[in-house]
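I opened the model and kept notes in the order in which I looked things up. Each entry covers one place in the chain or one group of residues.

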Amino acid sequence: MCSKFSVSTTPCNYGANDARFLQSETSVARKRAQGIKAHKCSSSGAIPRLSIKEFIPHTDLRVHEIVERQSQANNLAKQDACRRAEMNPKLLEEAYKRCRNICSEYARTYYLASLLMTKQRQKAIWAIYAWGTRIDEMVDGPNAVYMSKSFLDRWEERLEDIFDGRPYDILDAALTDTVSNFCLDIKSFKEMIEGMRMDTWKSRYKNFQELYLYCYYVAGTTGIITVPVMGIAAESSVCAKSIYNAAIHFGIANQLTNILRDVGEDALRGRIYLPQDELEQFGLSDDDVFARKVTDNWIEFMKEQIARARFYYSLAEQGISHLDKASHWPVSTDRPSHR
Ligand SMILES: CC(C)=CCC/C(C)=C/CC/C(C)=C/CC/C(C)=C/[C@@H]1[C@@H](COP(=O)(O)OP(=O)(O)O)[C@]1(C)CC/C=C(\C)CC/C=C(\C)CCC=C(C)C
């Protein structure tokens, strides 16, 4: 039984609560815009303002379609028609133990957050993390030079097998169990692989729209995958789509934070995950990034990028209160407390 899968079936014909939810998103945007003061650049006069408060509509990302699919899975769960993977309990115990070890070793913060969750949810987070970080390592890790299209194609085949109840290895077995426990949909996992594919051919982002799409693929998808695990509060009256949108924003905020944290490390691999047009507006170029010189322009540029990441955290914030109560604390601890 997929009893933990609790996507609200509230239709998305925006009611009063949704209107309030969306309205407050725009008022956060407005406040954010007011909060950014014009400042002077030491070398070239006034520093440009970036449109960090601009919404990137999710229309093209087919979030609606994903929410629909998850809701259908939920209905299957209610009829107990969800495909169950039968696996040896001892093997599963070992599988989750290994996923837990990976999560605690590679992602201390996420791991600590997971310890605040119910047992079934924490196991799911470990399995999702272990799967995601393995592809991330293939694309970003020391063996990334050997990465090829066929490798990722193979990973996608393995994903299909996970969802068909035929895991390839013991870590995949944990994910097979998780996707059947929570009736997760395969689409967002496939999109995450798509984001990893982008990493194999793209190392520059013309503007924020392009970077946003990348962040959606690699991290927004994590938000979508995690919502059914965290559960939507039974008493929540906003439509599921707004909660999924908040979860996407949460993933994007986390990814933007990672990008800003790792600028130097990424540059060593020839990658710059910063909008090229915005670098240019601040009088900066790829060479400045590679030179790792902290100039006044760089500091001002980074301040704007940090403000944008915070903006996405603020968009995500309200969504947290619509999750199952037991998930509020663990998810809240997973974002920076300093605003
Ligand atoms: C609550 C909780 C602890 C959830 C975490 C689950 C998780 C972290 C899964 C990540 C899976 C993963 C590794 C995917 C590969 C793609 C990738 C690298 C994504 C980046 C994660 C950073 O991981 P790490 O720091 O190990 O990466 P580096 O080694 O530094 O490259 C991401 C930044 C994505 C993180 C995404 C989230 C934290 C979103 C979680 C969403 C929710 C909990 C839903 C919240 C719901 C609402 C309504 C707000």
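**Notebook: loops, helix contacts, core and ligand shell**

I began with Met117, which I found in the loop between α4 and α5. The model is a predicted one, so I kept to local features with pLDDT of at least 70. I counted 19 C-beta neighbours inside 10 Å of Met117, so this residue goes down as partly exposed; the label buried would need 20 or more. Leaving out residues up to four places away in sequence, I listed what Met117 touches: Gln122, Ile125, Ser327 and Pro330. I also looked up the pair Met117 and Leu61, which stand 56 residues apart in sequence and 29 Å apart in space, C-alpha to C-alpha.

**Overall counts**

I then took the totals for the protein. The secondary structure comes to 15 helices and 2 strands. The protein has 339 residues, of which 39% count as buried. I looked at contacts with a separation of 6 or more and found that 78% of them join residues 24 or more positions apart.

**Positive phi**

Next I looked up backbone angles. Most residues other than glycine have a negative phi. I noted two exceptions here.

Cys183 is not a glycine, yet its phi is positive, about 50°. I placed Cys183 in the loop between α7 and α8, the latter spanning 187–201. Cys183 has 24 C-beta neighbours inside 10 Å and therefore counts as buried.

Arg292 is not a glycine either, and its phi is positive at about 55°. Arg292 sits in the loop between α13 (286–291) and α14. I found 11 C-beta neighbours inside 10 Å of Arg292, so Arg292 counts as exposed.

I moved on to Glu304, which lies in helix α14. Glu304 has 18 other C-beta atoms within 10 Å, which means that it is partly exposed. Apart from residues up to four places away in sequence, Glu304 touches Leu50 and Ile52. I checked Ser51 as well: Glu304 and Ser51 are 253 residues apart in sequence but 9.4 Å apart in space, C-alpha to C-alpha.

**Helix α3 against helix α7**

At what angle do the axes of α3 and α7 cross? I read off roughly 100°, with the axes of α3 (residues 89–106) and α7 (residues 170–181) coming within 8 Å. The two helices, α3 and α7, are therefore roughly perpendicular to each other. On the α3 side I listed Leu91, Leu92, Glu94, Ala95, Tyr96, Arg98 and Cys99, and on the α7 side Ile170, Leu171, Ala173, Ala174 and Asp177. By class, I sorted the residues of this contact into 9 nonpolar, no polar and 3 charged.

**Helix α6 against helix α8**

I noted Leu152, Trp155, Glu156 and Leu159 from α6, facing Phe189, Lys190, Ile193, Met196 and Arg197 from α8. The class count for the contact of α6 with α8 is 6 nonpolar, no polar and 3 charged.

**The largest nonpolar core**

I turned to the largest nonpolar core, which has 73 residues. Which of its residues touch the most other members? I wrote down Ala127, Cys215, Tyr244 and Ile252. Helix α9 (residues 208–230) gives the most to this core, 14 residues. I took Cys215 for a separate check. Its neighbours within four places in sequence set aside, Cys215 is in contact with Gly220, Ile252, Gln255 and Leu256.

**Around the ligand**

My last entry is on the ligand. I counted 33 residues surrounding it, and the closest are Gly132, Ala219, Ala247, Asn254 and Gly319. Two or more residues of the shell come from each of α4 (108–114), α5 (119–140), α9, α10 (240–261), α14 (296–320) and α15 (325–332). Which element gives the largest share of the shell? I found that α10 does, with 8 residues.

Methods: Residues are numbered from 1 along each chain as its sequence is written. This is a predicted model: local features need pLDDT of at least 70, side-chain atom pairs count only at pLDDT 80 or more; totals for chains, interfaces and linings use all residues. A nonpolar core is a set of buried Ala, Val, Leu, Ile, Met, Phe, Trp, Tyr and Cys residues joined through C-beta atoms within 7 Å. A residue is buried if 20 or more other C-beta atoms lie within 10 Å of its own, exposed if 12 or fewer, and partly exposed in between; C-beta atoms are placed from the backbone. Helices (H or I, at least four residues) and strands (E, at least two) are DSSP runs, numbered from the N terminus. Two residues are in contact if their C-beta atoms, placed from the backbone, lie within 7 Å. Axes are lines fitted to C-alpha atoms, for helices over the stretch in contact, and angles run from 0 to 180 degrees between N-to-C directions. Angles under 35 degrees count as roughly parallel, over 145 as roughly antiparallel, 65 to 115 as roughly perpendicular and the rest as oblique. Ala, Val, Leu, Ile, Met, Phe, Trp, Tyr, Cys and Pro count as nonpolar, Asp, Glu, Lys and Arg as charged, and the others, Gly among them, as polar. A residue is near a molecule or strand if its C-beta atom, placed from the backbone, lies within 6 Å of it.
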